[in-house]
Amino acid sequence: MPYICAGDPTPELSQKLLLTLEESGADLIEFGVPFSDPIADGPTIQRASERALAGKISLRQIIDLVREVRRKTEIPIALMSYYNPIFRMGEEEFCRSATEAGVDGVIVPDLPPEEAGTLLASAEQYNLATVFLVSPTSTPERLNAIAAVSSGFTYCVSVTGVTGARDSLSDEIAPMISQLREHTYKPVCVGFGVSTRKQAHEVAQLADGVIVGSAIINVIEQHLDDEAAILSNVREFAGELARGVKEG
Amino acid sequence: MQPLPDATGHFGEFGGRYVPETLMPALLELEEAYRVLSVDPEFQKEFKYYLREYVGRPNPLYYAERLTEELGGAKIYLKREDLNHTGAHKINNTVGQILLARRMGKKRIIAETGAGQHGVATATVTAKFNMECEVYMGEEDMERQALNVFRMRLMGAKVTPVDSGSRTLKDAINASFRDWVTNVRTTYLLIGSVVGAHPYPMIVRDFQSVIGVETREQILEKEGRLPDCVVASVGGGSNSLGMFYPFYDDENVEMVGVEAAGESILSGKHAASLSEGSVGVFHGAKCYLLQEDDGQITPAHSISAGLDYPGVGPEHSYYKASGRASYVSITDDEAVEGFKLLSELEGIIPALESAHAIAHVEKIAPMMDQNAIIAVCLSGRGDKDVGGEMGPPLALGH
């Protein structure tokens, strides 16, 4: 399950990347909505957001991008957005237009269930999946509450920290997942800090899905002014990750 | 009055907790610790001891006689937060929170700072209580407030430059949130204004309320009545809320918050989030903020680093929406005039932040009756603003 930032480096290339990622074996794509103040993100996704915002991309345009790409692919797409762009658009309007465009789910990293009442109501109305995040610091009561409002899957943040590629996996993943499974039968996916085929394979032994973001953006970043190189290198790297998940 | 915030951390529609899940347990832990300590007589006694012996409270409510005469209207009193140890109101809050962090067993303190006043106030208490301290500060602010960087480092704090985004307070807050997300188990985030996720706006307000509580007692002693108007500058809003909150139920006391109009409101280069902004969610709370139509945050602008912030505290947002307080704005140029006026007439060099409040008083005092009373929060002293890039524009005025 790859993450890319919509509009990084351009909206057109984002669309091509979505299709490339599907061809590389992705099962679901997290399409990031860039935000000016991404407090849960490390430097890689911060830079991706800055590049995307330099092109003035907005949440509405990103929904339109999904609408266009839907003509060519059925792959599940979840928008990952900080809360303010959704709040500004209006939660009902967001859920309505996103679902109409073919978005399958939404992940809001700065929206805990306590503040999510209105978004949940609209999402349910329009049948948009809501993915909430659990973290190594979540208490059993919170795991339970978060799993209860998550539809689609529950997103396990593997480390106490921000997004970004890391050399080694956190040893908190296994206990967190087994605890979470006591509260939910829904799929559990792990993200933050997974960056290699080997790590993806290890996580896949525990979880139902593996989310890789910064490591893919690092590949994009290495070839910024060469569209063909971005697409071919992302295809190769995402294929590696998918094989790691599915084969080892 | 209704207790504010409510049990879920909201001030009407404002406030709340919009943070990554990793921080939620820490916010709940902090709320619980504070709930117990805020009614613990021993804790309150300790807080008052350090405010008296270390900060130097109570500070005077000073009758600014020459300023009053010059403006020819209402009597003007200055609440002298500039006379506190470290030269600003920020230390009221850092003393309170460091005592809280100690009781919670935290060893490492992180903070954000804009003008550097909160960073200095944090470095001061971490030195005094022997705790590790890291302060995040935008690179642009480090340049315009070099003296405060020096002071923090002298007291043993690590000052980490933030080079992302607008390189000012908002980005320093982002960096401190990212540090806290990473080190939440060992680290206490010492927020310096009435912003952020619940319970921070409440905690900072409570610790800063000593400003208004003292002002109330002092004006009753001097004048036998409450002021007609209290005035304070608003960036995030801690000195103003500290001044306003104890007067909340005194319906005849008008509250006026003064924001930074920067180059001008029309130029778009300003920091008037209450006067000109719209409702959104930023840095963990629902509040008024400066933003684009699509929800991206717009960088603020002010000559004063302490007001250069695109959001504002949720309780101020509530006061604005409910009409309990009114909010106005003062341009960079007007603030510089206020800065000079107070220096020349009273021999008091105000911080540029406080100079915004003085500049608004210049406008309203002449229109008020001579029996009327204005109490202004002089939130800090202006030594930090005399050097650097402020030197030339100030000198040009003479």
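B:Lys158 sits out in the open here, counting as exposed at 52% relative accessibility. Its partner in this predicted model is B:Glu134, and the two form a salt bridge with the closest N and O atoms 3.7 Å apart. Over all chains, the structure holds 50 salt bridges; here's a look at a few of them.

**The B:Glu134–B:Lys158 pair**
- B:Glu134 is buried, since its relative accessible area of 10% falls under the 20% cut-off.
- Both residues also belong to a network joined by salt bridges with shared partners, made up of B:Arg108, B:Glu132, B:Glu134, B:Lys158 and B:Asp179.

**The B:Glu143–B:Arg167 pair**
- B:Glu143 and B:Arg167 make a salt bridge too, with 3.5 Å between the closest N and O atoms.
- B:Glu143 comes from helix α6 (residues 139–144) of chain B, and the two partners are 24 residues apart.
- On accessibility, B:Glu143 is exposed at 58%, while B:Arg167 is partly exposed at 26%.

**Over in chain A**
- A:Glu247 and A:Arg197 pair up through their side chains in a salt bridge of 4.0 Å, N to O.
- A:Arg197 lies in helix α9 (residues 197–204) and A:Glu247 in the segment after α11 (227–246), so the bridge ties together parts of chain A that are 50 residues apart in sequence.
- A:Glu247 is exposed, at 57% relative accessibility, whereas A:Arg197 is partly exposed at 26%.

Definitions and conventions:
Residues are numbered from 1 along each chain as its sequence is written. Chains are lettered from A and ligands numbered from 1 in the order in which they are written. This is a predicted model: local features need pLDDT of at least 70, side-chain atom pairs count only at pLDDT 80 or more; totals for chains, interfaces and linings use all residues. Side-chain values use heavy atoms; hydrogens and water are left out. Helices (H or I, at least four residues) and strands (E, at least two) are DSSP runs, numbered from the N terminus. Buried means under 20% relative accessible area, exposed over 50%, partly exposed in between (1.4 Å probe, protein chains only).
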